[in-house]
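Please read this report alongside the sequence and the model.

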Amino acid sequence: TSLRDPGAWIGAYGSERRRGNPLPRLYLTGPHLDMHPPAHPRDALIVRDAEEGRLAVRRLASQGASAIKVYYRLPLGTIKAICEEAHTFGLPVTAHLEIHNATEVVEAGVDGIEHITSLGLATLPQREAEIYRQKVLADNEARKTGRYELWEHIDPSSEDWLPIFETMKAAGVFLCPTLAIFEANPAQDEDFKVKAFENMKQVTCRAFKAGVKIAVGSHSYVPYAEFGDAYYRELELLVEAGLSPGEVIKAATFTNSGFLNVSHELGTLEVGRWADLILLEKNPLEDITSYRSAKRVMQAGKWVGENEAL
């Protein structure tokens, strides 16, 4: 019933809007804000300093952006300026970090963190973190294998995670782990990737148990789900990570509405909220995979398609 796209140009959805067909509610950030050379040029808006960052926020706000997304190459000072500007428009800021210390970025004012890998440098000694940071600054592609090499040696049980989680909790920051992007299968992937992914799942669960607000997001393509099924796989992986089905469902509904800044409209079944419902064959509290059996969708009190089975 609702779609969040933190990265595509807002105009990319223009043709779908013009068709006049029923659409999910669209929560769009516009292109992510990045520096040169951008990791994803087609989806990036280049900002070279704090003032350009503020200007980009104003332009995106005028185009109807529901949030702002900052990308990992931006300097910390620029991220802070973007957060300050976005908040004057009532827009939350979400961040893909990769080469930043998450605690410092939270203190700069971000409202959300995309990807569990964004926490990767948080518990490393400064020298090790800087080696990885310089590799990625020199070559965007270095992070694809490098993040697994990094996470293979991260200790998910370390006490060093506690102050990071406490900072995120105190600031009310949302963490959207997107585990499905990084999934590694013992039958098909190298051992170091399997170990790294297991550590990612454990850190996600520890963050949740520590009180960090876990949101649910997916991706266009993930390695172990068919196109269009990435969100289902994310729900399942969060259960594998240690959350209960009920906790995952709450994250995907109530917590996500807060992440979208629309908790006054969505996320719970009560008077005054949009009546968004899905009809399933099985109880998802017993089996989270039952979401794959969705049969009907109700958006704002109206069934989508009179006889449509999904």
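## Basis of the description

Helices (H or I, at least four residues) and strands (E, at least two) are DSSP runs, numbered from the N terminus. The model is a predicted one, in which local features need pLDDT of at least 70 and side-chain atom pairs count only at pLDDT 80 or more, while totals for chains, interfaces and linings use all residues. Residues are numbered from 1 along each chain as its sequence is written, and side-chain values use heavy atoms, with hydrogens and water left out.

## Local backbone features

His 115 lies in the loop between β7 (112-114) and α5, and its phi is near 80 degrees, a positive value in a residue other than glycine. In the loop between β3 (32-34) and β4 (44-46) one finds Pro 37, which is joined to His 36 by a cis peptide bond with an omega of about -5 degrees.

Strand β2 (residues 25-28) contains Leu 26. The C-alpha atom of Leu 26 is separated by 6.2 Å from that of Arg 4, although the two residues are 22 apart along the chain. When residues up to four places away in sequence are not counted, Leu 26 touches Leu 3, Tyr 13 and Arg 17, where contact means heavy atoms within 4.5 Å.

## Helix α5 against helix α6

α5 and helix α6 (residues 142-152) pack at an angle of about 165 degrees, and their axes are 9 Å apart; axes are lines fitted to C-alpha atoms, for helices over the stretch in contact, and angles run from 0 to 180 degrees between N-to-C directions. This angle makes α5 roughly antiparallel to α6, given that angles under 35 degrees count as roughly parallel, over 145 as roughly antiparallel, 65 to 115 as roughly perpendicular and the rest as oblique. The crossing of α5 past α6 is left-handed, a term used if the near helix is turned anticlockwise from the far one by less than a right angle, with right-handed used if clockwise.

From α5, Tyr 132, Lys 135 and Val 136 meet Ala 142, Arg 143, Gly 146, Arg 147 and Leu 150 of α6. By class, the contact of α5 with α6 has four nonpolar, one polar and three charged residues (Ala, Val, Leu, Ile, Met, Phe, Trp, Tyr, Cys and Pro count as nonpolar, Asp, Glu, Lys and Arg as charged, and the others, Gly among them, as polar).

## Two oblique helix pairs

Helix α7 (residues 161-171) packs against helix α9 (residues 191-209) at an angle of about 55 degrees, with the axes 10 Å apart, and the two are therefore oblique to each other. α7 passes α9 in a right-handed crossing. Trp 161, Leu 162 and Phe 165 of α7 meet Val 203, Arg 206 and Ala 207 of α9, a contact that divides into five nonpolar, no polar and one charged residue.

Helix α10 (residues 230-241) and helix α11 (residues 245-259) pack at an angle of about 130 degrees, with their axes 8 Å apart, and are therefore oblique to each other. Their crossing is right-handed. On the α10 side the contact is made by Tyr 231, Leu 235, Leu 238 and Val 239, and on the α11 side by Pro 245, Val 248, Ala 252 and Asn 256; by class, there are seven nonpolar, one polar and no charged residues.

## The second largest pocket

On a 1 Å grid over the protein atoms alone, a cavity is a set of points where a 1.4 Å probe fits but cannot get out, whereas a pocket is an open set with protein on both sides within 12 Å along at least five of seven lines, and lining residues have an atom within 4 Å of a point. The second largest pocket has a volume of about 290 Å³, a volume being the space filled by probe spheres set on the points, which are joined across faces, edges and corners.

The lining of this pocket is formed by 17 residues, of which Ile 99, Asn 101, Glu 104, Glu 130 and Arg 133 lie nearest its centre. Helix α5 (residues 126-138) gives the most to the lining of the second largest pocket, with five residues. By class, that lining has ten nonpolar, three polar and four charged residues.
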